[in-house]
Amino acid sequence: MANLHSLSPILNPTTPRPFLSDNGFLLLGFCSNKSKPTTTTPRRRLPLSLNTRSLRRFSTYATANNSVRAVLDHLPTTTSASAPQPKVANLEDIISERGACGVGFIANLENKASHGIVKDALIALGCMEHRGGCGADNDSGDGSGVMTSIPWDLFDNWAENQGMSSFDKSHTGVGMIFLPKDNSLIEEAKKVIVNIFRQEGLEVLGWRSVPVNTSVVGFYAKEAMPNIQQIFVRVVKEDSVDDIERELYICRKLIERAAASETWGSDLYFCSLSNQTIVYKGMLRSEVLGLFYSDLQNDLYKSPFAIYHRRFSTNTSPRWPLAQPMRFLGHNGEINTVQGNLNWMQSRETSLKSPVWRGRENEIRPFGNPKASDSANLDSTAELLIRSGRSPDEALMILVPEAYKHHPTLTAKYPEVVDFYDYYKGQMEAWDGPALLLFSDGKTVGACLDRNGLRPARYWRTIDNVVYVASEVGVLPVDDSKVIMKGRLGPGMMITADLLSGQVYENTEVKKRVAASNPYGKWVSENMRPLKPVNFLSTTVLDGETILRRQQAFGYSSEDVQMIIESMAAQGKEPTFCMGDDIPLAILSQKPHMLYDYFKQRFAQVTNPAIDPLREGLVMSLEINIGKRRNILEVGPENASQVTLSNPVLNEGELESLLKDPQLKAQVLPTFFDIRKGVEGSLEKTLYKLCEAADEAVRNGSQLLVLSDRADELEATRPAIPILLAVAAVHQHLIQNGLRMSASIVADTAQCFSTHQFACLIGYGASAVCPYLALETCRQWRLSSKTVNMMRNGKMPTVTIEQAQTNFCKAIKSGLLKILSKMGISLLTSYCGAQIFEVYGLGKEIVDLAFCGSVSKIGGLTFDELSRETLSFWVKAFSEDTAKRLENFGFIQFRPGGEYHANNPEMSKLLHKAVREKSESAYSIYQQHLANRPVNVLRDLLEFKSERAPIPVGKVESAVSIVQRFCTGGMSLGAISRETHEAIAIAMNRLGGKSNSGEGGEDPIRWKPLTDVADGYSPTLPHLRGLQNGDTATSAIKQVASGRFGVTPTFLANADQLEIKIAQGAKPGEGGQLPGKKVSAYIAKLRNSKPGVPLISPPPHHDIYSIEDLAQLIFDLHQVNPKAKVSVKLVAEAGIGTVASGVAKANADVIQVNHHNLLLVS
């Protein structure tokens, strides 16, 4: 029975106030696990001189006074920007730009240029206004634009008025340029541009100021508005369209390089520079684009096609250059893998060569820019492929491949298309994420969807030979009687319109034409080698004592073995624990931690959807290729010479097969460091030697580097380098030396057994992992007498020793798919090397060497401190009094003497006692317990600093008023009991605060005030005591987890606040899960499901695929319940400010940001 005691002692100032401290502070333990201490138990200061492992780690950045403030003043953002010659993409640059959009195109198949096409494009664009965003002035658009063919009639008319002759259309390039605003800088920029053109042998024909109407521009857009001009140049020495376009591309690249060293360099941007197409765009609302650019209203502006685009940027300060279309593409969506894509593109820069560039490849680098948007970088890569001789449709098939592996129709009817994708899967990692891409090179116009098909795209063709594609229906009035073809693009589908031949090619026609250009099937069958599965070992390799010592040396705990490895071996799935993580961050812990614990996985929220690995598994793949990745600009059989792995988890036999492959020329690099001359500097020196050895091996022809901590006998003075550090350091070194594409990295390690650890290794460059000690542990467990007896007695399902290892690998593979899906990534090849993690507690020197480009907001361990932490595990294997069993660190479950847990039995006992006894002294003891706890989170290192004198309690806002702003966390009925759920709701309603329903619906009997209470008992809620007439058990905040279980119109109507749960605080990026045994008949009724059946929610935004979808849901919820505020629940991660700003622009009333044990509400 739950008992609700009266809350009047808290709220009534005339009665004793047992929960008020001597100086009048209100102390409510159930609202936070941290309270303001009384004056008798002051919160201890946290000087760095405390001899604790956790605080000593920050001394790297501390100044001489050793104060906490010194630490907090030196919390660096450790990124690649600090490296001497950055070669990897900086995550902080990437996450500062997010966006989603509305797009479409119109094309005349007879290639007839008309102003009507342009007018229709502007009308359709105007209908896309709801797909875009605006700034705080509600007038500065996030971006809109159109791409068309060059309007020669318009420009010839201008030239005639200027006294110039008409342009030679076949040899003239037109540049649409954003220039600096300052007049003197404009002239400097023009001078650089003209000089480059002349050096390249091009004739500059003239400059044209683009006529604009600034009165329609919003305030903020006007503040950032560039000077917009067009330049006309004549390409004398080239005749073919492709060569002219290449020459203009080279010129633009040279200009960008020259401008980069100028103060105004970031203010110069080419919207387009082409002989075929031109782009008009800006920070404008779609409705005013045509009003701003008066050219677009001119009848002389004629084009046979137009691509239009409206942008919704989640960034608070969109920029004019990031409006779309880009130079080739109009992109609606988000590339989730962009950091990895940029890293790999920069890695392959030295290998990219093609005869069409005539030896000038160095002049057109780099091929990506982390400071630009994901759309701009995809456009840049597509542009490189197209300018190098690929057709636009072929380039998009390479960059955004469809999910062809589980496509029976494709395999049966179009095997040549499958061969094409097989050929390129090892050459180019997919640019993965929700995407509707419209593209044109002036000769072909087309559209394609990503492999998930998470963006809408409709197309139709009319009898007058005009083709339309749009992300919305109804953008233009069309007479249905004139429509001769219509449809929609499905996942991975493409449609193109060839303006020269007048043909429309639908999906399979496009792909058959591209795939037939080369004998890809022959090349793949003759050169690509699938790794044949090898049976698992059927007995242990080591004896029990040796296994124990190795587990100790590599940091295993009894929890790791029993709750993770053995659980996966028995069940074939990842173990699940309670929600949340209440132990200290690794950097603050009193216990030693593996290096993996300093990394947190990133996850998708709002701007890009997570994938559901259960329901959308067909589009996902763990396949990866091993071997050299050759020149992507050249096509030939040698590019297919690789080994294909079905997944990245290797057993010992499969690793041996790779080592024996004669073409891979595998090189094994041991990963041990020598401490015989002391710990200081030993780890760092060995890492540099390891990188040099890897460098030499690759230059000598090795296509596979196996980093191994395997040894016949371990040596006390040669501990193993943390394998994650070794893999990441070699990965970064090879990138910086232009060798990364020449070899794959495989980790042969004892220190990898969980899904997070596999994800870290793969995310930082490993293509595959052989977890030899984890597999040995599985074999030992299966052969143990305890396991044999449990299986014999029916207490455990019977599995063979081979099945145990198979189960372990199966669990790892399923876990990897889930981790990929949390970020909205479908393919392991796109996750490999993408570094989609945040670092907490590693020093700048470590991050710069091995994890360059990752976000690291705080400092932390030096190399020597990491060496000692590694050594603290290693020495246990060589100690005379080595324990006969593994230590239990208590990281997962609380245990006396183990890791500190914020939610511990002592804390719970003291709080319950204080509440039960209504005793201020008991509460003071609870308060003192919290004040004296170990440092647990970063905010424990913060102190309030104020020189103001305290104010009288009488001037402080009353407790009655303060508590009305209190909200509880969202806990579903099922996660907590019915009694607890209802008691919390009633208590918060009495206070005037808000309880949160969590997901899962709510019983309608809770929506009405109680009127049948007698002696604290109500027949309506018979399981509760201490009730009063007028109490309501309804949750003021009702959660809308993307239309999941139990959400009905009446549920929504009975709320004061509606919370859209985009990401979950306890399991960010994942859907909720309620075990079947908790799904009672009552809960099943509320959730419209069946008792006993586990309830696994879809990912947090399974039906919210973009920021515009979120804006639409917010609008819809306001219509369902106009009196309720709509809040959006986010989870803190790098870039959360960008995401939150987009949510604000989507008209959320409240934005809630959860992080660890910190909650921010705005």
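Reader: What is the volume of the largest cavity?

Author: In this predicted model, the largest cavity has a volume of about 280 Å³. The structure holds nine cavities of 30 Å³ or more.

Reader: What makes a space a cavity and not a pocket?

Author: A 1.4 Å probe fits inside a cavity but cannot get out, whereas a pocket is open. The space of about 280 Å³ is listed as a cavity, so a probe placed there cannot get out.

Reader: Which residues are closest to the centre of the largest cavity?

Author: Of the 26 residues that line the largest cavity, the closest to its centre are Tyr404, Lys425, Arg451, Leu827 and Thr829. Helix α15 (415–425) is one of the elements that give two or more residues to this lining, along with α13 (392–399) and β20. The largest share, four residues, comes from α15.

Reader: How is the lining of the largest cavity divided by class?

Author: There are 15 nonpolar, five polar and six charged residues in the lining.

Reader: β20 also belongs to a sheet, in the order β18-β21-β20. Why are β18 and β20 said to stand at the edges?

Author: Each of β18 (529–530) and β20 (624–626) has a single partner strand, so one side of each is left without a neighbour in the sheet. The sheet is open, and its pairing is mixed.

Reader: How do you know that β18 and β21 count as paired?

Author: Pairing needs at least two bridges between two strands. β18 and β21 (residues 643–645) have two bridges, in the parallel sense, so they meet that cut-off. Arg529 stands opposite Val643 in β21.

Terms used
Residues numbered from 1 in each chain as written. Predicted model: local features only at pLDDT ≥ 70, side-chain atom pairs only at ≥ 80, totals over all residues. Heavy atoms only, no water. 1 Å grid on protein atoms, 1.4 Å probe; cavity = no way out; pocket = protein on both sides within 12 Å on 5 of 7 lines; lining within 4 Å. Points joined across faces, edges and corners; volume = space filled by probe spheres on them. Nonpolar A, V, L, I, M, F, W, Y, C, P; charged D, E, K, R; others polar.
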